[in-house]
Amino acid sequence: MPYFLCSSNLKQSPAALYPTRKEDMQLVTQAPGIQVDGCDQPGATKTETAYERIRRLAAGNAVVVFTAAGCCMCHVAKQLLFGLGVGPTFVELDREAAGPEILAALYGLTGDARHQQQPVPAVFVGGKFLGGVETLMACHINGTLVPLLKDAGALWL
Amino acid sequence: MNSTSTQYVTSRRMGLYEPIHQISMWGDFKGNVCPNTSASMIIEVETKLDDQSEDTSHGTLGPSNNYDQEASKPDKVLRRLAQNREAARKSRLRKKAYVQQLETSRLKLLQVEQELERVRQQGAYLSGGYDASQFGYSGNINPGIAAFEMEYGQWVEDQNRQMFELRAALHSQLAELELRILVDGAMNHYSYLFRMKATAAKADVFYLMSGMWKTSAERFFLWIGGFRPSELLKVLLPHLDLLDQQLLEVCNLRRSCQQAEDALSQGMDKLQQTLAEAVAAGRLGEGSDIPQMSNAMERLEALVSFVNQADHLRQETLQQMDRILTTRQAAQGLLALGEYFQRLRALSLLWANRRREPN
């Protein structure tokens, strides 16, 4: 049985766990555009697809988690990250103007993952999609989460 | 039993032998006899006594054909006294036989109860619609749960067989490859359990959460429908022969498990809170309930995902241990784990039987 590298010197992303980031981002950028308002100001001309919005929001912080109100699994992801000393940015879809569109886009991202039926919570680390709560815990158990967080600058020491 | 002895005493004191009354009493008893040797003995004794009692009844009522040779009164009186003594002796014998039969029935009842408990603990009983009551079962048959219980019973048997094989393999110094096959087999067996549980969770998540499919001692350690990975690591650690680097990794794993468990537990607390709020929403005390239930139902759906995530955590922990350990260490670890659960199950059975000892 191949041994999985779990040393703390791991630099590259744990590709064996989920689709590579490049493929994900290709999916994101090539997806048919769902136009959403880019700004809060009514009547703004700048629009972006939901995917672009996700990418923009995800790039805004080292760790970004998309959540929904009343979703207890989102609470689990939150508590796990807090417990590690991470201060993630939470994007609550109920409060987002383009919430439903973003949710639909997230379905596309998480649909392929094993057992992953819930689009939220959707965890992004270093601007790249990590996965849901199942992937988050799996990465933590096999020791790849903490190095990933450090690489993204979400953790020091 | 009291009524019997009272009647017995009364008959003696009065010097009267009331065969018909006593026969009817034993007769009732005869109807309830179960098929074993003491029963046939009872019947034998009864028929014998029945024959003799008819003779003596003749004697009691008045001079009969058997006794017309004796003319003297004292002789008659003596004879009657002898007959009474005889009747009393026979009655004592019958009482003894009756008591023996009662004891046998009682033992049999204990055995049946024990069997029931054992079978129940193996999970082969109808289920569905559980309350907290340990001894009741609802009339509803949940086919998904019934299937799970049967499968789980088989799983435990297979588990015991695998532990036996692992033990033999470790003692006989098998080659690494063969040991590896056994280890993989044991790991797959756990994966199979988690798949079974996932299916059962869809059938009745509350059943899984209650742990009713496990034995009582196992249930004591229940955490979201199964064992707590960090606790298991704590139990296993002293029984593994680890290198320093491995020890470090296992300690890291235990800490990561603890953190993941805490996060899941807090998620469960949140779920409880939101469910309580959903159920209590609106006005309480006016008998209205329909509007809130759909909200509460949605909350309950989340419970299934919690059980799934907890099982996923267990699975991941086992796999990570497999990565950290050598094949031999993994075999030892899996054996220790299997034996630990075997002991818990044995403890449950011991405890259940201990309750039944008469004091």
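**View 1. Salt bridges across the whole structure.** Searching everything turns up 14 salt bridges over all chains, where a salt bridge is a side-chain nitrogen of Lys or Arg within 4 Å of a carboxyl oxygen of Asp or Glu. Side chains of opposite charge can pair when their charged atoms come close. Keep in mind that this is a predicted model, where local features need pLDDT of at least 70 and side-chain atom pairs count only at pLDDT 80 or more, while totals for chains, interfaces and linings use all residues. Residues are numbered from 1 along each chain as its sequence is written, chains are lettered from A and ligands numbered from 1 in the order in which they are written, and side-chain values use heavy atoms, leaving out hydrogens and water.

**View 2. A salt bridge in chain A, between A:E96 and A:R53.** The closest N and O atoms of this pair are 3.1 Å apart. A:E96 sits in the loop between β4 (89-92) and α4 of chain A, and A:R53 in helix α2 (residues 50-59) of chain A, so the pair ties together parts that are 43 residues apart in sequence. (Helices, H or I with at least four residues, and strands, E with at least two, are DSSP runs numbered from the N terminus.) Are the two partners buried or exposed? A:R53 is buried, at a relative accessible area of 8%, while A:E96 is partly exposed at 22%. Here buried means under 20% relative accessible area, exposed over 50%, and partly exposed in between, using a 1.4 Å probe and protein chains only.

View 3. B:D322 and B:R180 meet with 3.0 Å from N to O. This pair links distant parts of the chain, with B:D322 in helix α11 (residues 290-324) and B:R180 in helix α6 (residues 176-203) of chain B, 142 residues apart. Both count as buried: B:D322 has 4% relative accessibility, and B:R180 has 12%. In the other salt bridge, the closest N and O atoms of B:D311 and B:R314 are 2.6 Å apart. These two residues both lie in α11 of chain B, three residues apart, or about one turn of the helix. An α-helix has 3.6 residues a turn, so residues three or four places apart point the same way. B:D311 is buried at 3%, and B:R314 is buried at 0%.

**View 4. Helix α3 of chain A and its covered residues.** Nine of the twelve residues are buried, including A:C72, A:H75 and A:L81. Just after α3(A), A:G85 takes a positive phi of about 90°.

**View 5. Helix α4 of chain A and its buried side.** Which residues of α4(A) are buried? They are A:G99, A:I102, A:A105, A:L106, A:L109 and A:T110. These residues cover an arc of only 135° around the axis, which puts them on the same side of α4(A); the arc is that of the directions from the helix axis to the C-beta atoms.

View 6. Three bridges join β5 (residues 122-125) to β6 (residues 128-131), and the strands run antiparallel. Two strands pair if DSSP finds at least two bridges between them. A:V123 has A:G131 as its bridge partner in β6(A). Two residues come between the strands, and A:G126 takes a positive phi near 60°.
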